[in-house]
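Hi,

Here is the structure I promised to pass on. Have a look first, and my notes follow below.

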Amino acid sequence: MAHDLSLATAESLTGGLSFSFSVDMPLGGSTKYVCFSVYDTDAKRIFLGVTAPDLNTHRCATEMVVGLLKNSNGSFAISVTGNAMPY
C-alpha cells in the first residue's frame, strides 16, 4: 500500500476467484483495481484483445495479461485460463 500498487486480474477458469481471494485480505482495499472475469471466448477477444486460436494455452494467458494491462490502470496483472470441460 505504501507504493500505490494495484492488482488487476483477468480470469477465465477461476471465474474471479483469484481476485476474490485478494479481497479477503484485510486492509488492502486500495490495492485492488479490477477483475475481468472473461469466461466466454468472445469476452476474451472483445475485452482483452486475445487472438490465440487455442484459449487454454500459455499464449492465451499471456495475451490476456497484456490486454489487461493495456485496458486498465493496474500496476501488475495476473491472468488465469484453462479447460474445465469434462472431455
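What pattern does the protein follow, read along the sequence? The pattern is β-α-β-α-α-β, and the secondary structure comes to three helices and three strands. (Helices are DSSP runs of H or I with at least four residues, strands are runs of E with at least two, and both are numbered from the N terminus.)

Before the details, a word on the source: this is a predicted model, where local features need pLDDT of at least 70 and side-chain atom pairs count only at pLDDT 80 or more, while totals for chains, interfaces and linings use all residues. Residues are numbered from 1 along each chain as its sequence is written, and side-chain values use heavy atoms, with hydrogens and water left out.

Now the sheet. The three strands form an open sheet in the order E2-E1-E3, with parallel pairing (two strands pair if DSSP finds at least two bridges between them). Strand E2 (32–37) and strand E3 (76–80) sit at the edges with a single partner strand each, so one side of each has no neighbour in the sheet. From one strand to the next, the twist averages 10 degrees (axes are lines fitted to C-alpha atoms, for helices over the stretch in contact, and angles run from 0 to 180 degrees between N-to-C directions). Strand E1 (residues 7–11) pairs with E2 in the parallel sense over five bridges, and threonine 9 stands opposite cysteine 35 in E2.

Helix H3 (residues 58–70) packs on this sheet and touches E1, E2 and E3; the direction of H3 makes about 145 degrees with that of E3. Contact here means heavy atoms within 4.5 Å. Which residues of H3 are buried? They are Cys60, Ala61, Glu63, Met64, Val65, Gly67 and Leu68, and they pack against E1, E2, helix H2 (41–48) and E3. (Buried means under 20% relative accessible area, exposed over 50%, partly exposed in between, with a 1.4 Å probe and protein chains only.)

As for the whole protein, buried residues make up 38% of the 87 residues. Of the contacts with a separation of 6 or more, 57% come from residues 24 or more positions apart. The C-alpha trace spans about 45 × 25 × 20 Å along its principal axes.

Cheers
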